[in-house]
Amino acid sequence: MKLDETQALFYRVVTGTAPASPEEIEACFLPSPELSAAERTQIYADMYVWRQVDALREDFGKLAALLGDDRFYALCEAYVREHPSEHPDLGQLGRHFAGFVRARFGDRPELGDLATLEWARAVVFFEA
């Protein structure tokens with residue numbers, strides 16, 4: 001497999017943008033004595049999501065505290081699957097989050113309002 005093909009496969013596995021078969025993963029990546037190639041790449045896939053959840057928690061800390069860790073994580077994981085990062089600045093990841101929260105919690109409009117307020121605060125923080 002060529003380098004660009006290996007990189008494309010790794011990207012697909014880590015981001016979950018397109019499924020990769022266990023056979024593809026095992027044929028391309030090496031196992032360790034403790035972990036299969038699929039288990040090793042899953043570590044990167046988990047960290048990819050966790051890092052994005054951490055970035056969203058930085059911008060939406062009050063919402064995270066209100067929802068609790070498990071609910072906030074589930075919300076963020078669904079968000080990053082539906083709205084993958086399109087900007088090299090991870091600080092831009094949350095730009096659609098308030099609308100996503102409103103859609104998910106239509107019966108609790110205060111959550112969407114809080115997300116809107118927190119996003120406005122994050123944007124103003126980085127303004128000149």
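Reader: At what angle do the axes of helix H3 and helix H5 cross, and within what distance do they come?

Author: Two packed helices are described by the angle between their axes and the distance between the axes. Here the axes of H3 (residues 37-59) and H5 (residues 69-82) cross at roughly 110° and come within 9 Å. Axes are lines fitted to C-alpha atoms, for helices over the stretch in contact, with angles from 0 to 180 degrees between N-to-C directions. H3 and H5 are therefore roughly perpendicular to each other (65 to 115 degrees). Helices are DSSP runs (H or I, at least four residues), numbered from the N terminus. This is a predicted model, in which local features need pLDDT of at least 70 and side-chain atom pairs count only at pLDDT 80 or more. Residues are numbered from 1 along each chain, and side-chain values use heavy atoms, without hydrogens or water.

Reader: Which residues of H3 and H5 meet?

Author: From H3, Val49, Trp50, Gln52, Val53, Leu56 and Arg57 meet Asp69, Phe72, Tyr73, Cys76, Glu77, Tyr79, Val80 and Arg81 of H5. Contact means heavy atoms within 4.5 Å.

Reader: Which residues touch the most other members of the largest nonpolar core?

Author: In soluble globular proteins, nonpolar side chains tend to be buried together. A nonpolar core is a set of buried Ala, Val, Leu, Ile, Met, Phe, Trp, Tyr and Cys residues joined through side-chain atoms within 4.5 Å; buried means under 20% relative accessible area (1.4 Å probe, protein chains only). The largest core has 22 residues, of which Leu56, Phe60, Leu63, Phe72, Phe97 and Val101 touch the most other members. H5 gives the largest share of this core, five residues.

Note on methods:
Helix = DSSP H or I, 4+ residues; strand = E, 2+ residues; numbered from the N terminus. Parallel < 35°, antiparallel > 145°, perpendicular 65-115°, else oblique. Buried < 20%, exposed > 50% of the residue type's maximum accessible area, 1.4 Å probe, protein only.
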